[in-house]
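Visitor: I have a structure open and would like to go through it with you. Could we take it one region at a time?

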Amino acid sequence: MQTDAIAAIVEQWKHERPDLDPAPMLVTGRLFRLADELDQRLRPPFQAAGLGRGDFDVLAALRRSGDPYALSAGELSRTVLVTTGAITKRVDRLEARGLVGRSVAETDSRGRLITLTAEGVDVADELIAVHLDNQRRLLSGLSADEQTQLAHLLERFASTLTPGDD
């Protein structure tokens, strides 16, 4: 097996600072590199559809919310994990394309709902299928058991990181 760049960095640190254990870099460094690489490889289908990945996140959140495919900006913000300001910018772009619409919430006249249009549902359905195929292809170097094990390990790792534990 060829040594990856992170393993080479760890070996350099072992040589230069033998008093330190650089082993955590084998996990965190690889996670950072993989996140960047995955981001680059997952973007093309969204770009081909004239969307940013964040735009797709909004469409997907609305689509998976179920009929009538409508959420408030606050609900979208919590689901997509970005600020309401970022949601507003994304919704503006999607509304200009006719993929979402805004309406007054029935329960609160001050509130606005963002709703997928019929075209938005079609785009979300098409892109999620392409996105999942792309993810499957990217993970194909791992067996199904390895993918399951990795998913569990990542879930476990994420659960150990409590917000504000710096």
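Guide: P68 is found in the loop between α4 and β1 (70-72). Please keep in mind that this is a predicted model.

Visitor: Which peptide bond there is cis?

Guide: The bond from D67 to P68 is cis, and its omega is near 20 degrees.

Visitor: And what about the phi of Y69?

Guide: Y69 has a positive phi, about 60 degrees, although Y69 is not a glycine. Y69 also lies in the loop between α4 and β1. For background, most residues other than glycine have a negative phi, and most peptide bonds are trans.

Visitor: Let us turn to the helices. At what angle do α4 and α5 cross?

Guide: Their axes cross at roughly 110 degrees and come within 10 Å, where α5 covers residues 73-80. That angle makes α4 roughly perpendicular to α5, because 65 to 115 degrees counts as roughly perpendicular.

Visitor: Which residues make that contact?

Guide: From α4 they are D57, V58, A61, L62 and R64, and from α5 they are L76, T79 and V80. By class, the contact of α4 with α5 has five nonpolar residues, one polar and two charged.

Visitor: How far apart are the axes of α4 and α7?

Guide: The axes of α4 and α7 are 9 Å apart, and the two helices pack at an angle of about 105 degrees. That makes α4 roughly perpendicular to α7 as well.

Visitor: Which residues of α4 and α7 meet?

Guide: F56, L59 and R63 in α4 meet V121, V123, A124, D125, L127, I128 and H131 in α7. Seven residues of this contact are nonpolar, one is polar and two are charged.

Visitor: What about α2 against α7, what is the angle there?

Guide: α2 and α7 pack at about 135 degrees, with 11 Å between their axes. That makes α2 oblique to α7. The crossing of these two helices is right-handed.

Visitor: Changing topic: how much space lies in the largest pocket?

Guide: The largest pocket holds about 1100 Å³ of space. Its lining consists of 26 residues, and L34, L38, L139, L150 and L154 lie nearest the centre.

Visitor: Which helices supply at least two residues of the lining?

Guide: They are α2 (24-42), α4 (53-64), α7 (118-138) and α8 (144-160).

Visitor: Which one gives the most?

Guide: α2 gives the most to the lining, with 11 residues.

Visitor: How do the lining residues divide by class?

Guide: The lining of the largest pocket has 15 nonpolar residues, five polar and six charged.

How values were computed. Residues are numbered from 1 along each chain as its sequence is written. This is a predicted model: local features need pLDDT of at least 70, side-chain atom pairs count only at pLDDT 80 or more; totals for chains, interfaces and linings use all residues. Side-chain values use heavy atoms; hydrogens and water are left out. On a 1 Å grid over the protein atoms alone, a cavity is a set of points where a 1.4 Å probe fits but cannot get out, and a pocket is an open set with protein on both sides within 12 Å along at least five of seven lines; lining residues have an atom within 4 Å of a point. Grid points are joined across faces, edges and corners, and a volume is the space filled by probe spheres set on the points. Helices (H or I, at least four residues) and strands (E, at least two) are DSSP runs, numbered from the N terminus. Ala, Val, Leu, Ile, Met, Phe, Trp, Tyr, Cys and Pro count as nonpolar, Asp, Glu, Lys and Arg as charged, and the others, Gly among them, as polar. Axes are lines fitted to C-alpha atoms, for helices over the stretch in contact, and angles run from 0 to 180 degrees between N-to-C directions. Angles under 35 degrees count as roughly parallel, over 145 as roughly antiparallel, 65 to 115 as roughly perpendicular and the rest as oblique. A crossing is left-handed if the near helix is turned anticlockwise from the far one by less than a right angle, and right-handed if clockwise. Contact means heavy atoms within 4.5 Å.
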